[in-house]
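Visitor: I would like to learn how to read the arrangement of chains and strands in a model. Please take me through it.

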2 protein chains.
Amino acid sequence: MPTFTPNYLLDVCTKLFAAYGAPEGEARIAAEELVESSLLGFDSHGVMRASQYAHDMREGRIRPGSPITIAKQTPTTALVDCGFNFGAVSARAMVEVACEKARGGVACVVSQNSHHVGRLGAWVQRIAERDLIGLAFVNNTHGGHSVAPWGGREGRLGTNPLAWAVPVAAGSTPIVLDMATCMMPEGKIRVHLHAGKSLPEGIIVDAHGRPSTDPRAFYGPPRGAILPFGSQYGYKGFGLALLVELLGGVLAGYAASQPQSHVNGLCLIAIDPEAFCGAQTFKALVEDLRSYIVNTPLMEGFSEVVMPGAIDFRIRERRLREGIPLADESWRLIVEAAAQVGLVV
Amino acid sequence: MPTFTPNYLLDVCTKLFAAYGAPEGEARIAAEELVESSLLGFDSHGVMRASQYAHDMREGRIRPGSPITIAKQTPTTALVDCGFNFGAVSARAMVEVACEKARGGVACVVSQNSHHVGRLGAWVQRIAERDLIGLAFVNNTHGGHSVAPWGGREGRLGTNPLAWAVPVAAGSTPIVLDMATCMMPEGKIRVHLHAGKSLPEGIIVDAHGRPSTDPRAFYGPPRGAILPFGSQYGYKGFGLALLVELLGGVLAGYAASQPQSHVNGLCLIAIDPEAFCGAQTFKALVEDLRSYIVNTPLMEGFSEVVMPGAIDFRIRERRLREGIPLADESWRLIVEAAAQVGLVV
C-alpha cells in the first residue's frame, strides 16, 4: 500500500475541493479533517472519502460557500443550519458556538442540514482543548439505517456513534472516546466483503433475521442488518443508539421514519468544569483518574491498560513519521476525480 | 416468596425510617422511591434496601433532616450539597433544580455528599415528565470499585449506570433507558453466589485476571473483578464507565483513587426541546420513532421489539395487581430492624 506525507495529502485534498468549486478556506478545513482522521487511523473517515466528497459537490449534495446560520438560539442552546456545507466546516462552526455558549456553564447545539461530519471524536477533542467537557452524538438519516433495533431484523437506526472528551493536563495525551453504538461499522463489514472473509459471530443477521457470518448476507439483496452493540445485552447498545437518534435527529425536528436530504444530525453538549469543581482542579483530578486506571494490574492476555483514544494518538505519532497508507483504489479514485476537473495531482 | 401490596410496604418503610429518626416527609419520599423501584422490577434497588437504610441511619451514614443546599451555581448549573440525607430526597431536590434551570435551554446539576440514589431511571423519568430530555450518570465511590478497566483485573470503577428518558405523548408508556456500564451488577452476581449457580462466561475475572464463571472467584478473597460491558468490545463499556466517573465524581471535585465518605455521585443533564424543534413537535416525533422501531420485522427467536423500559412498566402493571414479591430474608431483616426500635410491622 503506498504511503503519503500528511502535507502532500492536505495539499491534494485542498486543491481537489477547490477545483470542484469550494472557497479556499473551506476546502482547506475539509482537507485538514480528512488528513487528521487518517493520521489517527480512522481510515474510513479519512482521505479515502475525498473522491466521494468531490462527487457529492458535483451532485449538489455538498454546497461549499453556503452560509452556516443559527436558525434558533437561546443563551445556552442553538439550532444551527449547516446549509449542506462540508460537514467539517459546519461542525467546526458548531464547536465554536457550543464553546462560546458553554463558557461558565453548559450548552447544547444541534445541527440541521448537515452533510457528513466525519470522525466524531474530532469535535469533542476540540471542545476539550478549550478546557470544556465535550459530549457528541451523531445520527444517520433514513438512507443510512443499517442497524436493527434489539430483536428486529431490519435497519431502523444508523451506526450512531457517540463521543466524549475531557480537558487534560498540559502536554498530556488527549482522552477521547469515539464509539459506534452498533457491533461493527458498515465500512468494516465492506472490508470483510472485499477480502472474501467471514465476519465474527454476532455482528449481523440476514434478511430473514437469522445470525450470519457472511458479509454478503448483510448487503443482499435482500438486505440484512447490523446488530446493536452489546452481544447478549444488545438492548443496551440499542438504547444508546436511540439516544443518539433522539438528540441528533428528533431534537432538530426530523422524523426518523422519513427520508431526509441531509446526511448526519450532530448534537454537541459542552460543560465548563469552572462552574463545578474548577477547571484546574478538574484537570488535576483527570490525571489522578488516568494514573489510577492505567496502573491497574493486568488481566490475562493484556499487556497494558490504556485510556480511550491512547492507541489512536500512538498511530498518529507513527504516521507523522512514516506517512499515511492509502489503498491503491482510494488513491486511483482521487486521481480520477482530480482529472475530471483538469487537475493533475 | 411472600407478596405485599405497594401501600402496605409504603407504610412499613415510611414508619421504619421515621422510627429511626427521619422527618415524616423525608421518610415518605425514601419509602416511595423504594416501593416504586420494586414495582418496576428493580428489586435490588427496591424495598429490600429498607433494612440497610435503617442500619445506615443508625450509623450516621444517612442523615435525614439535614439540609440540601446549593454549594455553587450559575443560571444553568448547580453543585448540590446533599448533606448525606436519603439519596432519594436529595436526588428529587436535584431534579427540581435541574428542571428549573433547564427551562427554555439546558442545565447540568452535580451532587456532593450524596448517599445511595437508588434506581437511576427514576430521576430521568421525572425530568421527562416535565417535558424535558433527561440524562443521568451515577458513579460509585472508591469502596464500590468492583469493575475492572478494559485489560485490567482489579476494580477501579463502579457499576456506573447511565440513564436517559424523553418526553412522550400524553398517556403513552414512558421511554427510559437505565443501564449499568459493566457486564452484570454486583447484586446479580450475589444472587448466583447464594443459589450456588455458575455465571455466564465473560462476566468476571478472578484475582489472577483469569476468566471465571464461579461467583466465589469474584468475592474472594482474594477479590476478582467484574468486566466492563461489551464482551469482546469491552473498551466501549469501559469508556462509558469512565464518562460516568468523570461527570458523577471528578466534576464534583472528588479524586477517584481516594476513599470518600459519600456513596454515589449523581450528574443530571436536562434539555428543553422547546429550545430546539419545540416540545409538541418533539413528542410527536418521539411517537413517530417509537412506531418505526416497534414495527420492525423480527429477528429469529424474538417475539417483539420494545422501547427501553417497556418491560419494566409491564412488570409495574402486574405488581400493582398481584403485589410485590419480597424474599423471606429481606422481609425478616425489615421486621428485625423495626423491632430494634420497638416498631411492630
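Visitor: Through which surface do the copies meet?

Guide: Of the interface residues of chain B, 100% are also interface residues in chain A, so the copies meet through the same surface. Contact here requires C-beta atoms, placed from the backbone, within 7 Å. This is a predicted model, in which local features need pLDDT of at least 70 and side-chain atom pairs count only at pLDDT 80 or more, while totals for chains, interfaces and linings use all residues. Residues are numbered from 1 along each chain as its sequence is written, and chains are lettered from A and ligands numbered from 1 in the order in which they are written.

Visitor: What rotation superposes chain B on chain A?

Guide: In general, a rotation about an axis and a shift along it relate two copies of a chain. Here the rotation is 180 degrees with a shift of 0.0 Å along its axis, at RMSD 0.0 Å, superposed by least squares on C-alpha atoms of residues with pLDDT of at least 70 in both copies. The two copies are thus related as by a two-fold rotation axis. In chain B, the C-alpha nearest the axis belongs to B:Gly230, 2.5 Å from it.

Visitor: In what order do the strands of the open sheet in chain B run?

Guide: Strands pair through backbone hydrogen bonds, either parallel or antiparallel. In chain B, 7 strands follow the order E2-E3-E4-E11-E5-E6-E7, with mixed pairing. Strands are DSSP runs (E, at least two residues), numbered from the N terminus, and a pair needs at least two DSSP bridges. The edge strands of chain B are E2 (69-73) and E7 (175-179).

Visitor: How many bridges join E2(B) and E3 of chain B?

Guide: They pair in the antiparallel sense over 4 bridges, and B:Ile70 stands opposite B:Val80 in E3(B).

Key:
Two residues are in contact if their C-beta atoms, placed from the backbone, lie within 7 Å.
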